[in-house]
Amino acid sequence: FVFGPRGVPHRFLTIGDQPARMIVTLSPGGFEESFFRAVSEKIGKNPPDMGLLMKLAEESGLQFVN
């Protein structure tokens, strides 16, 4: 279990050669409507259009950094 308050940078890193899965719970709800639904409807393919993914993230207030 990890708690990541709003505004605190965090990341998910898979170490090794095996796939990994992650379950995310967001509270309060609403973010899933703005970001995850948009990604699902507008991208929904592999590999994703990273430019569009970044645009959708920015519109939802999400920031990816390297």
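**View 1. Helix α2 packs against helix α1 through its buried residues.** In this predicted model, local features need pLDDT of at least 70, side-chain atom pairs count only at pLDDT 80 or more, and totals for chains, interfaces and linings use all residues. Residues are numbered from 1 along each chain as its sequence is written, and side-chain values use heavy atoms, with hydrogens and water left out. Helices are DSSP runs of H or I with at least four residues, numbered from the N terminus. The buried residues of α2 are L53, L56 and A57. Seen down the axis of α2, these residues fall within an arc of 100°, so they line one face of the helix. The arc is that of the directions from the helix axis to the C-beta atoms. On the face turned away from this buried side, α2 carries the exposed residues G51, E58 and E59. Buried means under 20% relative accessible area, exposed means over 50%, and partly exposed lies in between (1.4 Å probe, protein chains only).

**View 2. The largest nonpolar core has seven residues.** A nonpolar core is a set of buried Ala, Val, Leu, Ile, Met, Phe, Trp, Tyr and Cys residues joined through side-chain atoms within 4.5 Å. Here the members are F35, A38, V39, I43, L53, L56 and A57. Helices α1 (31-42) and α2 (50-59) each supply at least two residues of this core.

**View 3. F35 is a buried residue with a relative accessible area of 5%.** Leaving aside neighbours within four places in sequence, F35 is in contact with L53, L56, A57, S60, L62 and F64. Contact means heavy atoms within 4.5 Å.

**View 4. F35 and F36 form an edge-to-face pair.** A search of the whole structure finds one aromatic pair. The ring centres of F35 and F36 are 5.2 Å apart and the ring planes stand at 65°, so the pair counts as edge-to-face. Rings of Phe, Tyr and Trp (its six-membered ring) pair if their centres lie within 6.5 Å; planes under 30 degrees apart count as stacked, over 60 as edge-to-face and the rest as tilted. F36 is partly exposed, with a relative accessible area of 42%.

**View 5. A salt bridge joins E59 and K55.** A salt bridge is a side-chain nitrogen of Lys or Arg within 4 Å of a carboxyl oxygen of Asp or Glu. By this rule the count comes to one. The closest N and O atoms of E59 and K55 are 2.5 Å apart. Both residues lie in helix α2, four residues apart, about one turn of the helix. E59 counts as exposed because its relative accessibility is 52%, while K55, at 46%, counts as partly exposed.

**View 6. D49 and G51 meet at the start of α2.** A side-chain oxygen of D49 reaches to within 3.1 Å of the backbone nitrogen of G51.

**View 7. S60 and G61 follow helix α2.** S60 lies in the segment after α2 and counts as buried, at 18% relative accessibility. Not counting residues up to four places away in sequence, S60 touches F31, S34 and F35. Just after α2, G61 takes a positive phi of about 85°.

**View 8. T25 is found in the segment before α1.** T25 is exposed, with a relative accessible area of 72%. T25 and F3 are 22 residues apart in sequence and 9.8 Å apart in space, C-alpha to C-alpha.

Notes
A polar contact is a pair of N or O atoms within 3.5 Å; within protein, one must be able to donate a hydrogen and the other to accept it, and residues adjacent in sequence count only if both atoms are side-chain atoms.
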